[in-house]
Amino acid sequence: WLFGGRGVNAAGDETGILNDLWKYDLRTGRWAWMAGSQRLNDAGRASGVAQPNKNFAPSARIEGVTWTDQQGRLWLFGGEGIQPSGLLGTLNDFWVYRPGDSTWTWVDGLRREGAPGRYQGNQPYPGSRRNSAAFTDREGDLWLFGGDGYDANGDFGFLNDLWEYDVSANQWRYLNGSPTVNDNGDTSAPRLPSARAGMFYWTDPGNRFWVFGGFWLDAQ
């Protein structure tokens, strides 16, 4: 599966970003266009959260993060994308695509620039960000780490917060890291990576999550 990014549209224009969703069938060796617009800088469509609709779609964007869960659904969070106003901004909107009925659903978050994170209370959620790391664990829950974006105070910078989204409970959990930007981390036990964005990341057979490098702040 492939979603959006900076590229060329159907007319050959290449001065913007995309929100088209594609599937590559390994059996037939062919691509299929599944959803989204053929135009550049599309603002997407949504009338409200938790309303699946074949006519809805996330806005065009770059530098968001994606997951797949055990049901084969595709999840998308944030990135640098087009707001409903048509302007580019750093977002924290959260979407899921269900291949079975070919629908996007806007799960939560804001489709506009600069949403601060909520780290306490009954309904915590990550702030707007881009260039984060993400993985899906054995239970099918979604994990999100760092990036450059907005903290609890609405300040913009590098982040090192760790979040888990419980798919069965439809709930974000804030687990670790700083609620404020540009944290230097901690090299003593228990260790904590410094704030960073654009890192390499992967998981191993032991269900462990690994992070390497990126744009970051060194520990001092």
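This is a predicted model: local features need pLDDT of at least 70, side-chain atom pairs count only at pLDDT 80 or more; totals for chains, interfaces and linings use all residues.

Mentor: Residues are numbered from 1 along each chain as its sequence is written, and side-chain values use heavy atoms, leaving out hydrogens and water.

Trainee: How many aromatic pairs are there?
Mentor: Rings of Phe, Tyr and Trp (its six-membered ring) pair if their centres lie within 6.5 Å; planes under 30 degrees apart are stacked, over 60 edge-to-face, and the rest tilted. By that rule, the count is 23.

Trainee: Is the pair of F135 and F209 stacked or edge-to-face?
Mentor: Check the rings: their centres are 4.3 Å apart. The planes of F135 and F209 sit at 25°, so the pair is stacked.

Trainee: Is F209 buried, exposed or partly exposed?
Mentor: Buried means under 20% relative accessible area, exposed over 50%, and partly exposed in between (1.4 Å probe, protein chains only). F209 has a relative accessible area of 24%, so it is partly exposed.

Trainee: Which ring does the charged end of R111 sit over?
Mentor: A charge counts if NZ of Lys or CZ of Arg is within 6 Å of the ring centre and within 35 degrees of the ring normal. For R111, the charged end is 5.7 Å from the centre of the ring it sits over, that of W106.
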